[in-house]
Amino acid sequence: MRWIRALGLPLLVFTAVVVQRSGAGDLTLLGVHPDFVMLMVAAVGVYRGREVGALTGFFAGLVVDSFLTTPFGISALVLCVVGYLAGEIERVGPTAPLALKILIVGAISVVGEVLSSLVLFLLGIGNPLHARMVDEVIIVGGINLVLAVIGLGLCRLVFGPQERTPMLERR
């Protein structure tokens, strides 16, 4: 079980990237592709906190950027912010209800999609106000909301149960 925890985080990221780049990533809902990597980064952030979430997002983004034709580093930036924001739930503590964690994964995915469009717009690559943007944001957020249970379950399998330390001891 110890080797799962040692290799768990890279294995989670690698699995999410492979699923995204394989046939599952080609599935569409109303013409919008799901973002499994963003789901996994948000789930890791919710489960392990800001620092681990941001680092996971950064390295997952670097891996994703190696497959894309957009400027290198955009996915790393966006996923780093996604992981950090998702990890803000650690302020509530591990006693946060599962429903709240699931909602945060979905909401952070929406923020990540908006941030991605905004960064592309600032670089002059895309127009965030295109007709499909709202569809993309809602569908990716909805898919990640539904699949958040699986992502959080994988995090529990890899990292083990969350410790229940009082808020005052953690500071």
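In this predicted model, S75 touches G57, G61, V64, D65, L68 and C80, leaving aside residues up to four places away in sequence. S75 itself is found in helix 4, which spans residues 74–87. Is S75 buried or exposed? Its relative accessibility is 13%, and because buried means under 20% relative accessible area, S75 counts as buried.

The axes of helix 5 (residues 98–122) and helix 6 (residues 133–159) come within 8 Å and cross at roughly 145 degrees. The crossing of helix 5 with helix 6 is right-handed. On the side of helix 5, the contact is made by L98, K101, I102, L103, V105, G106, S109, V110, E113, V114 and S117. Helix 6 contributes M133, V137, V140, G141, N144, L145, A148, V149 and L152.

The view can now be widened to the whole protein. It has seven helices and zero strands, and the pattern read along the sequence is α-α-α-α-α-α-α. Of its 171 residues, 41% count as buried. Among contacts between residues at least 6 apart in sequence, 71% join residues at least 24 apart. The accessible surface of the protein comes to about 9400 Å², and 70% of that surface belongs to carbon and sulfur atoms.

Technical notes: Residues numbered from 1 in each chain as written. Predicted model: local features only at pLDDT ≥ 70, side-chain atom pairs only at ≥ 80, totals over all residues. Heavy atoms only, no water. Axes fitted to C-alpha atoms, helices over the stretch in contact; angles between N-to-C directions. Helix = DSSP H or I, 4+ residues; strand = E, 2+ residues; numbered from the N terminus. Left-handed = near helix turned anticlockwise from the far one by under 90°. Contact = heavy atoms within 4.5 Å. Buried < 20%, exposed > 50% of the residue type's maximum accessible area, 1.4 Å probe, protein only. Areas by Shrake-Rupley, 256 points an atom, 1.4 Å probe, with all protein chains shown as cover.
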